[in-house]
Amino acid sequence: MGKRTRGNCHQLSTVCFLQEVKNQRQATNRLRTLNSRATESNEQRERRIHCNALGNHNRIGAETFDARRNRLQLERVRQGTLRASNWLYLKDEALYYDPNLDYPNFPQIVIGSMLSKCTFCGALKFEAEASGLCCSNGKVSLPEVPQLPEPLKSLMEGNHPKSKEFLSMIRKYNSSFQMTSFGTSLPMLDSTGFMPTFRIQDQVYHKAGSLMSLLIEEAKFLQIYFLGNEEAEAKRRCTLIPGTTRSLIESLQKMLHENNHYVQKFKMAIEDNPTEDLQIVIKADKKPIEGHERVFNTPALNEVAIILAGNDFAKRHIVLTKLSNELKNICETHISYDALQYTLMFPRGEDGYTININQVEPGTSNQINKMVSAMSFYAYRLMVRSTENRLLNYRDNF
């Protein structure tokens with residue numbers, strides 16, 4: 001054996017020895033700590049926790065900006081290393097399956113039941129999920145999503161003769177009524193191979209066209225709502241989305257005309273202003289519909305306003321023209337972004353996320369000078385709670 005090989009073996013043996021000594025020392029320290037805490041009284045335990053919390057508070061309060069950034073970075077690295085080490089022994093295990101091992105009881109695989117309940121919003125979570133995942137520990141408080149109007153409610157709950165068909169094709173039915181289209185900032189790439197998929201470049205957008213179709217074009221998306229004839233509307237929807245049932249389309253179409261406040265306001269604006277240069281603006285940060293009494297019967301002009309051609313408007317507002325061949329991108333932080341695309345999820349035109357939703361003091365309704373992020377908003381909306389969350393029933397519509 002050469003000198004280099006013997007040197008490497010010696011070095012490896014030294015590293016293993018030092019690691020074993022370290023592990024023994026850590027095990028001894030853990031045992032000593034456990035024994036010490038097992039004999040302490042409740043008063044001693046509370047005093048220890050209070051002193052530790054006070055020490056951490058003082059230490060963090062005295063940190064410089066760079067020191068805090070370095071500490072958080074080290075903590076992220078430590079957490080990442082710990083999570084990776086928990087899974088290291090399962091690496092490639094699927095390729096070397098051992099029938100003698102009890103895989104269902106591996107702690108890294110078993111996540112348990114949703115027994116953890118948030119004291120602020122009532123969300124049900126798994127034991128290992130973060131306490132603030134649902135409502136940021138009480139800082140996010142949103143109004144409940146209202147019940148669905150009929151016949152959509154019965155269709156979603158399985159109490160309608162056509163429920164099975166509707167739920168199996170819910171994406172098609174939503175596509176029949178959506179008011180905006182799907183697009184990207186760069187052309188979509190052609191897919192190759194067997195799988196019927198498409199690839200997207202850059203950013204995804206929802207796009208809105210004009211309220212009325214040009215004479216040389218067929219109505220589509222929002223334009224279908226203003227054909228002025230129920231039969232013509234239903235026929236056009238069934239033509240665009242083959243496989244849907246005409247009777248279901250007609251009943252859902254009637255429901256939206258009676259309940260969706262966007263459809264009602266747009267229709268009223270068109271009837272009251274027959275000029276071709278009509279423009280309608282939906283303000284990006286309009287007052288939430290929950291704040292208006294009889295909002296579904298009385299349009300609020302400060303939310304959906306009629307403006308004159310050439311007027312200035314904010315970049316995030318949605319401006320719809322009566323006649324145009326131009327498609328306009330809708331900002332993803334616009335309060336109407338979800339309601340215009342997922343019409344059957346928000347059939348009344350319920351408000352979605354916007355950048356001006358204030359956080360609140362935990363346990364109160366007092367607003368603070370911090371805003372709710374998009375992630376926190378949708379996490380709150382999509383959590384499982386003891387009360388029914390109807391948004392989770394939409395299956396493939398997401």
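Reply: What follows goes through the loop, then a helix pair, then the salt bridges.

The model is predicted, so that local features need pLDDT of at least 70 and side-chain atom pairs count only at pLDDT 80 or more, while totals for chains, interfaces and linings use all residues. Residues are numbered from 1 along each chain as its sequence is written, and side-chain values use heavy atoms, with hydrogens and water left out.

The loop in question runs between β2 (124-125) and α4 (152-157), and proline 151 is found in it; here helices (H or I, at least four residues) and strands (E, at least two) are DSSP runs, numbered from the N terminus. The peptide bond that leads from glutamate 150 into proline 151 is cis, with omega near 5 degrees. Serine 136 lies in this loop between β2 and α4 as well, and has a positive phi of about 55 degrees although it is not a glycine. Asparagine 137, also placed in the loop between β2 and α4, likewise has a positive phi of about 55 degrees without being a glycine. As background, most residues other than glycine have a negative phi, and most peptide bonds are trans. Serine 136 counts as partly exposed because its relative accessibility is 23%, and asparagine 137 counts as partly exposed at 36%; buried means under 20% relative accessible area, exposed over 50%, and partly exposed in between (1.4 Å probe, protein chains only).

Turning to the helix pair, α8 (residues 246-259) and α9 (residues 261-272) pack at an angle of about 70 degrees, with their axes 5 Å apart, where axes are lines fitted to C-alpha atoms, for helices over the stretch in contact, and angles run from 0 to 180 degrees between N-to-C directions. That makes α8 roughly perpendicular to α9, a term that covers 65 to 115 degrees. Leu256, His257, Glu258 and Asn259 in α8 meet His261, Val263 and Gln264 in α9, contact meaning heavy atoms within 4.5 Å.

For the charged pairs, a salt bridge is a side-chain nitrogen of Lys or Arg within 4 Å of a carboxyl oxygen of Asp or Glu, and by this rule the count comes to 11. Among them, glutamate 233 pairs with arginine 237, the closest N and O atoms being 3.3 Å apart. Both residues lie in helix α7 (residues 230-240), four residues apart, about one turn of the helix, and both glutamate 233 and arginine 237 are buried.

Technical notes:
Parallel < 35°, antiparallel > 145°, perpendicular 65-115°, else oblique.
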